[in-house]
Amino acid sequence: MIQSIDYTVIAVPLILALVAGLVLVLDAFLPHRPGSGRLLGLVTLGGVVAGLGVTAAQAVRGGWWQTFCVPPALPTPPPMPARMTVTLNVFINAPEELVHAGTSCSFVLDRFALIFAGLALTAGLVVVLMSMAELAGGRLPVGEWYFLLLCTLAGAVLLAASRDLIMLVVSLELVSLPVFALTAMRRYDGRASEAALKLFLVSVVSTAIMLFGVSLLYGLTGSVHLSDIATALSGGTPARLGPVPTAAFFNTGAPTGLGPVTAVATVLVLAGFAFKVAAVPFHSWAGDVYEGAPVPVAALLSVISKAAGFAGLILVLTTALAAQAAVWAPVVAVVAALTMTAGNVLALRQRRAVRVLAWSSVAQSGYILAPLAVFARVARGDVAVGASVAYLVFYAAMNLVAFGVVMLVSRARERDLLDDYRGLIFRRPAAAAALAFSLICLAGLPPGLAGLFAKVVVFRAIVDGGLGWLAVVMAVNTVIGLYYYIAWTAKLFTPAAAGEVAGRPRSLPVAAAVGVALAVTLVFSVVPQVVLAAVA
Amino acid sequence: MNWLLILLPAVPLLGAAGTVAVSGRTASRYGVAVSAAVLAIAVAVAAVFDYGQAGRMQLQTDLPWIPGLGLRFHLGIDGISLPLVVLTALLTFLCFLHLAGHPPEAGRTRALVFTLLVLEVGMIGTFLALDLLVFFVFFEVVLIPMYFVIAIWGGRDRRAAAVKFILYTLLGSAVLLLGLLVVWAQAGTLDMVDLAASHGSGIARSAQIVAFLAIGIGLAVKTPIWPLHTWLPDAHTEAPTVGSVLLAGVLLKMGSYGFARIAVPVLPEGAEALAPWLGALAVIGIIYGSLACLAQRDLKRMIAYSSVGHMGFVLLGFATLTPVGMNAALFGNIAHGLITGLLFFVVGGIKERYGTADLMKLGGGMLRRLPYVASLLTFACVASLGLPGLAGFWGEMLALLGAFQPAPGLSRPLFLVFMAVGGVGTVLTAAYFLVMLSRVTHGRARETVPVGPALASAEEIRVVLGPDEPIEPVATGTAVAEAGPPRAIPMRDVTAHELAAWLPLVALTIAFGVWPKALLALTTPAVHAIFGIGGGTG
């Protein structure tokens with residue numbers, strides 16, 4: 001099989017991988033002087049910025065690019081069934097001529113992939129800046145840290161562009177595996193080791209479950225390409241396979257006779273991704289892991305890793321399994337409702353800042369999941385997907401602001417209690433204002449318009465889809481969520497008790513990280529159109 | 001595109017941003033200046049307003065904001081919103097005047113000025129917005145500032161009251177948003193002018209009922225309607241004077257304005273189906289509010305409960321679905337804003353002087369000790385109980401008149417019952433205000449020292465009395481109050497700042513009481529436009 005590789009299309013993951021290798025080599029050969037850690041950080045930063053630049057250039061160029069393609073089949077492939085084009089997601093919907101050519105590609109650079117690449121790289125920029133402060137302590141191995149970070153970023157960028165199951169699983173693992181090591185890197189801290197072990201076990205189990213589902217799907221359809229799976233499951237013959245024995249055997253009644261198997265495969269894949277995005281009932285790891293991991297890694301988990309999980313989930317559910325929406329949509333609806341409720345209720349009683357953010361991010365996962373539940377119920381499924389993606393993008397920006405400020409404060413106070421934030425407005429007005437803004441955004445109230453519009457978009461999709469009960473559950477959850485966000489915000493403005501110690505010297509990289517995230521959040525608040533137009 | 005209406009919310013917003021450049025000492029004067037500018041713009045808007053076409057949206061600004069959501073930055077003003085905008089600008093200005101003479105006890109004047117200016121943005125924006133989502137955004141803008149006004153500058157139980165306030169109102173807002181989205185999903189537009197012009201066509205009856213219910217519950221929390229009012233007494237009682245004034249004077253109006261602007265015009269069938277329930281809850285609120293007032297010992301709390309009763313009349317007006325009732329509601333809105341604003345100002349002044357608002361501790365004879373303050377209190381109470389010739393009368397009277405002849409689709413006997421019950425409510429209202437006045441202003445002055453609610457130790461009394469006052473070893477609580485007559489501490493009667501803040505409200509209360517047509521001529525065309533009629537039917 002001959003595949004031509006278009007290197008301009010895969011430029012971004014390539015750059016990231018090369019810089020990752022470069023960092024490792026530099027770390028090995030550079031003399032260990034005080035400044036070398038900073039140099040590695042700058043190299044990493046340069047790599048991420050370069051990736052971001054290339055992504056921006058690709059976005060400006062527009063269009064729909066693909067590589068790693070399998071040539072079309074010998075006989076003329078059947079056209080896509082009309083039913084499919086209705087529910088297919090526009091992001092992932094290939095131009096007609098390509099579909100008809102029967103080409104199946106493993107790597108596709110479309111709007112969906114570009115949005116996620118932009119999200120992951122911008123978040124990566126913030127995380128690298130936060131890491132520079134974390135590594136300044138000198139107790140962590142710098143080269144390994146940046147290498148692992150870049151690997152995760154490369155995985156996240158790859159994942160959103162993947163269009164076959166193998167690529168999906170591999171890139172998802174590329175996102176996850178380095179995070180275990182990053183979490184465990186503080187070897188002197190027992191909580192970090194515990195968190196890493198927990199994360200590792202949960203992740204491995206989820207991967208196993210997902211692989212089982214993936215293998216069932218492959219067995220059912222005889223293809224790993226998402227578009228072929230969709231065709232097969234909706235009743236057509238896979239584009240190029242023709243009479244492959246297993247496929248022929250199953251194909252006699254793929255959608256009808258093998259409904260139960262398809263359903264099991266669907267639920268297994270869903271469960272696998274539910275672990276990654278910390279959805280109920282696979283959410284319990286979040287609190288301990290976020291708390292045990294270094295703050296930059298917690299930020300990475302809550303934004304990049306989560307975004308990758310959602311990208312995979314959306315790809316599989318809305319392209320490969322679009323015809324199975326009747327099976328997974330109710331499950332997603334219930335999971336979304338439970339996730340937002342569990343996350344919010346658990347966040348209510350937390351006393352540590354990172355744990356509040358951990359459970360709040362679980363709750364936010366529920367909001368992101370919710371529109372997917374109406375995917376098949378609205379006239380255009382891409383509106384529902386767009387709502388999810390939009391919420392994810394808004395959430396990423398505002399959550400990173402919060403993590404940045406937590407990083408600032410927790411560097412001054414190791415305890416990281418919510419009470420440490422008392423009177424922050426008097427000690428560090430800018431940081432406190434940024435945190436207050438991001439918390440109000442997360443709560444979804446003006447002046448945090450980014451959060452408000454994110455919620456409006458999700459609510460609209462749900463109401464359009466007619467899932468009234470889910471909308472009501474989400475409304476109630478918004479109120480529960482507000483309680484802990486506002487309680488934390490109020491602490492910032494209440495005068496601190498006597499005997500406060502001043503914070504340690506400010507950290508320029510963290511300030512820059514907060515600045516970047518805050519600027520993005522502010523832009524989203526004033527002109528949310530930039531996101532909504534991109535996903536519409 | 002009209003700059004005047006954009007300036008109205010923009011000036012306080014820029015003013016709030018400008019507080020960073022102001023020193024703490026000049027902050028309150030800065031606030032007065034900014035709010036005066038806003039008031040001047042509001043007056044200018046009122047001056048250029050075409051009174052011949054009060055039923056039409058004027059001075060419109062319509063810019064695309066978020067095309068992805070079909071959201072347009074659409075502002076406009078008509079006979080319904082104009083009085084409310086002017087009232088908001090006026091009350092905010094008066095609050096800043098008050099603040100200039102009475103800096104907050106908790107300090108941080110600059111932060112308070114900032115918060116109040118942001119609050120003003122939300123309040124004015126709500127009354128100007130003509131897009132459902134823009135309305136919602138402004139509706140929400142007030143939550144956070146008001147939370148901080150209560151939580152930072154409030155009384156003793158401020159934290160709990162603030163949390164209760166924001167959770168209640170946010171729950172209402174979330175339900176309101178769902179209702180708005182149902183309207184949007186059904187009608188396909190967010191534009192209030194288009195929605196009102198189509199009189200509910202294009203929205204199925206069942207969807208109208210669901211949407212009216214959701215929007216109604218959302219607005220009911222804010223207005224408030226019994227039984228969703230329980231946040232209100234706590235919030236009003238704990239809030240500082242300026243907070244109470246704006247809460248009662250403007251924030252409650254945002255709820256009732258929502259009924260006039262969205263719920264009734266956009267969802268006529270839903271309104272018709274649910275109007276009897278709305279009316280029933282309204283009269284329960286009237287009776288409940290009055291009875292609760294009779295039972296209160298705290299002056300501020302009592303006025304808070306009186307708001308529940310008064311807003312009951314406003315809602316009864318809406319529930320009749322007639323032009324008369326609607327006019328009554330809109331008139332009652334303004335009257336309540338003026339009178340209750342004045343009441344909270346005066347009671348705040350009393351609390352400042354006596355150190356308590358507890359009726360028992362205040363004792364009687366205020367007319368003798370503080371003749372001006374007591375007279376103003378009497379005036380405000382009498383206006384509030386609906387004495388003919390003052391503004392409070394017309395809203396209640398017209399609401400009852402509207403209930404006498406409700407809209408054709410509604411059960412007349414039911415509304416006659418409502419009218420009768422509402423009539424009993426007016427009597428009860430008169431009763432509790434007169435009882436309160438007789439206790440506080442009349443009688444012999446018990447020369448009370450300004451005792452706080454629970455002064456247990458000599459240290460705390462020292463704090464209250466100041467360092468130079470002698471302390472009797474066992475003198476605590478009311479024991480001091482019963483002590484002999486010559487221990488009067490001279491209290492300042494009304495100050496210049498207070499007079500400046502209060503007199504405009506007195507003047508307007510009298511003006512609208514004597515000449516209600518000034519306001520009714522403004523609202524009537526707009527109300528007729530809502531019901532799609534040229535003349536009156538009710």
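B:Pro227 sits in the loop between α9 and α10 of chain B. Helices here are DSSP runs of H or I with at least four residues, strands are E runs of at least two, and both are numbered from the N terminus. A cis peptide bond joins B:Trp226 to B:Pro227, with omega about 5 degrees. The loop between α9 (205–222) and α10 also holds B:Pro224. B:Thr223 and B:Pro224 are joined by a cis peptide bond too, with omega about -10 degrees. Most peptide bonds are trans, and most residues other than glycine have a negative phi.

This is a predicted model: local features need pLDDT of at least 70, side-chain atom pairs count only at pLDDT 80 or more, and totals for chains, interfaces and linings use all residues. Residues are numbered from 1 along each chain as its sequence is written, while chains are lettered from A and ligands numbered from 1 in the order in which they are written.

Next comes helix α10 of chain B, residues 231–238. Of its 8 residues, 8 are buried. Buried means 20 or more other C-beta atoms within 10 Å of the residue's own; exposed means 12 or fewer, and partly exposed lies in between, with C-beta atoms placed from the backbone. B:Trp231, B:Asp234 and B:Glu238 are among the buried residues of α10(B). Their cover includes α6, α7, α11 (241–266) and α13 (299–320) of chain B.

Now the whole of chain B. It has 23 helices and 2 strands. Of its 538 residues, 60% count as buried. The radius of gyration, taken over C-alpha atoms, is compared with a globule rule of 2.2 Å times the number of residues to the power 0.38. A compact globule of 538 residues would have a value near 24 Å, and chain B agrees with 23 Å. The C-alpha trace spans about 75 × 55 × 40 Å along its principal axes.

Strand β1 (residues 58–66) and strand β2 (residues 71–77) of chain B run antiparallel, joined by 6 bridges. Strands pair if DSSP finds at least two bridges between them. B:Asp62 stands opposite B:His74 in β2(B). The hairpin has 4 residues between its strands, and B:Gly70 takes a positive phi near 65 degrees.

Where do the chains meet? In total, 26 residues of chain B are in contact with 27 residues of chain A. Contact means C-beta atoms, placed from the backbone, within 7 Å. On chain B, α5 (132–141), α6 (143–153) and α7 (158–187) each supply at least two residues of the touching side. The largest share, 12 residues, comes from α7(B). That side of chain B divides into 24 nonpolar, 1 polar and 1 charged residue. Nonpolar covers Ala, Val, Leu, Ile, Met, Phe, Trp, Tyr, Cys and Pro; charged covers Asp, Glu, Lys and Arg; the others, Gly among them, are polar.

Conventions. Contact = placed C-beta atoms within 7 Å.
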